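Me: Please show the sequence and the model, so that a few points can be discussed.

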Amino acid sequence: MTTSIGAANAAIVKDPNLQIPRSFNGLKAASNSLLLAKRPQVSRVSTAATASFIRAVSTPVRPDTAVVQKRSKVEIIKEHSNFIRYPLNEELLTDAPNINEAATQLIKFHGSYQQYNRDERGGRSYSFMLRTKNPCGKVSNKLYLVMDDLADQFGIGTLRLTTRQTFQLHGVLKKDLKTVMSAIINSMGSTLGACGDLNRNVLAPAAPFHRKDYLFAQKTAENIAALLTPQSGFYYDMWVDGERVMSAEPPEVVEARNDNSHGTNFPDSPEPIYGTQFLPRKFKIAVTVPTDNSVDVFTNDIGVVVVSDADGEPQGFNLYVGGGMGRTHRLESTFPRLAEPLGYVPKEDILYAVKAIVVTQRENGRRDDRKYSRMKYLLSSWGIEKFRSVVEQYYGKKFEPCRDLPEWEFKSYLGWHEQGDGALFCGLHVDNGRIKGTMKKTLREIIEKYNLNVRITPNQNIVLCDIRQAWKRPITTALAQGGLLQPRYVDPLNVTAMACPALPLCPLAIAEAERGIPDILKRVRAVFEKVGLKYNESVVIRITGCPNGCARPYMAELGLVGDGPNSYQIWLGGTPNQTSLAQTFKDKVKIQDLEKVLEPLFYHWKRKRLSKESFGDFTYRMGHEKLLELVDKWEGIPVAPARYNLKLFADKDTYESVDNLARLQDKSAHELAMEIIRNYVASHQNGKIE
């Protein structure tokens, strides 16, 4: 085993003011309750760096063999895999339709999950899901057409756009894996690292604006993705017989990867950053520009925000660390968490700072229990000050305080927009990211005919790029004929809604998500109409089939998280701009009982909200106990009071007299009074008595 015990520990353990354990052995008991007890607001935050002494850090070394450290089964599989090769290489050669447990863990690093159709009874029908890796969501014209073909030839005839700006291709048989993988690779695509214990796809705004900040954010995302791409060749050995199909890397990426001046690297390893063990768990990074939170930046292990000067010239980055969505039902020591400010770095240092954060997690994240292996638990245990101090050892510099930023907004980029270079782009809404049927055929025809590149958004939508002005009309017509609606024709509830694939192929799903959300959104719309909410009013709704949170439900105003067959845990209190964490509201709500919960919530939101108060802000302001009381005491929408009104009468006696007369005519007092008033007014038209 060549993994190290923690280079930072070796360098600073002698500092009496900062003692770091040799392994991460637990969680602070109060961390979850404290996090969920308050509403974190993450915009306009700046944090001062600590002032500890910076020194070089020794190269990672082998752990003390006298100390037996507990490790998870996956850690042992990685150790004996020859850098993610064995036994996957042997399992792929067998005639069986599936692969064994160890190979199932390893193929994730190659961008694939083994699945079976859970709707089928009897024997298991195995297939594989492939996930591409597309930094910034960028997809070339050639790659899109290849993915479209592969879906028909080897998949289930659909393409799935994901919440991390990638494709998922479902239903690939084991015997076809090498053919499909090699086709993707030879089209300058990749699935390497789309899953597994390493850096996943790096997000960035999908809008192809020709603005300095957007272009810089996208370039930075691509450089970070290149920096953290595995180097040992296992991917190409497995799928294209060792022939690497890669474009040249920017020199600044190569330089940052090879730099070991602060002990970040394994000098003699084919994986200088990852070593044999890679990371303790998945690792997620997003890059964006101020105001644009289309990437859900605070849900990532690292959030990177471009900071520009008054002339719009990028100068550096704010860094946020420790976000993550996954949790386990009924285990309160697991929880979703927002990233918090780490500090500011000048633009030339971004790759070194990101590398230092990754190495801190590599060396100190838990490897004994995968439920607690994400970096958010390290942050929760250590606290931001200690975490910053350790990262600075690997970075070799002090972090400056984060720069102030304007308020965040969610931006969908649907519809037609100017790119800024004379061309247009068109953002298209795709329900739950599933491209199929007529929509798939129409997109294929347009993308092929006009030779368009595309981008996938973090909200499971697609952007057609580089469209000439003269093409706008024929493309608009073709899109309409294919059922791809302009945003004004899409229900506002659908625009921001997201769901994970869940059943029938995801092995972790315990409830419906993608297949269930269309009906749920229709039911929510019906409740809106029933309580009097307008069509253009909306809430952010996200649904997942399990608590892992792939569709980021813990940031939604209304999150539904599967907690049993046809049953959901309801989360409330996220914000439309995804800057606040939702909170659990009710467990085990059966799908058929959703209206019993939603109707009173939406009814009281309409009547008791402050000016322009979102549903998430309203539920947070009202508080858990009050909302429960409103739901528990709900007996349906109150019947409008009888329309008679004592104000029509001089006094109660007069009312009762009119009421008695009205009864003789089988009328209400109100009806009789209004009839008398109307007759009186009619007889005095223009002030003249007829």
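Me: Which residue in β7 does Thr-288 stand opposite?
Reply: This is a predicted model, in which local features need pLDDT of at least 70, side-chain atom pairs count only at pLDDT 80 or more, and totals for chains, interfaces and linings use all residues. Residues are numbered from 1 along each chain as its sequence is written, and side-chain values use heavy atoms, with hydrogens and water left out. Strands are DSSP runs of E, at least two residues long, and helices are runs of H or I of at least four, numbered from the N terminus. Strands β6 (residues 285-288) and β7 run parallel, joined by four bridges, and the residue opposite Thr-288 is Val-305.

Me: Which residue in β8 is the bridge partner of Gly-303?
Reply: Strands pair if DSSP finds at least two bridges between them. β7 and β8 (residues 314-321) are antiparallel, with seven bridges. The partner of Gly-303 is Tyr-320.

Me: How many residues of strand β7 are buried?
Reply: Buried means under 20% relative accessible area, exposed over 50%, and partly exposed in between (1.4 Å probe, protein chains only). Strand β7 covers residues 302-308 and is mostly covered. Of its seven residues, the number buried is six.

Me: To which backbone oxygen does the side chain of Arg-362 reach?
Reply: Arg-362 lies in helix α11 (residues 350-364). Its relative accessible area is 2%, so Arg-362 is buried. At 2.5 Å, its side chain reaches the backbone oxygen of Ile-273.

Notes:
Polar contact = N/O pair within 3.5 Å; in protein donor to acceptor, adjacent residues only side chain to side chain.
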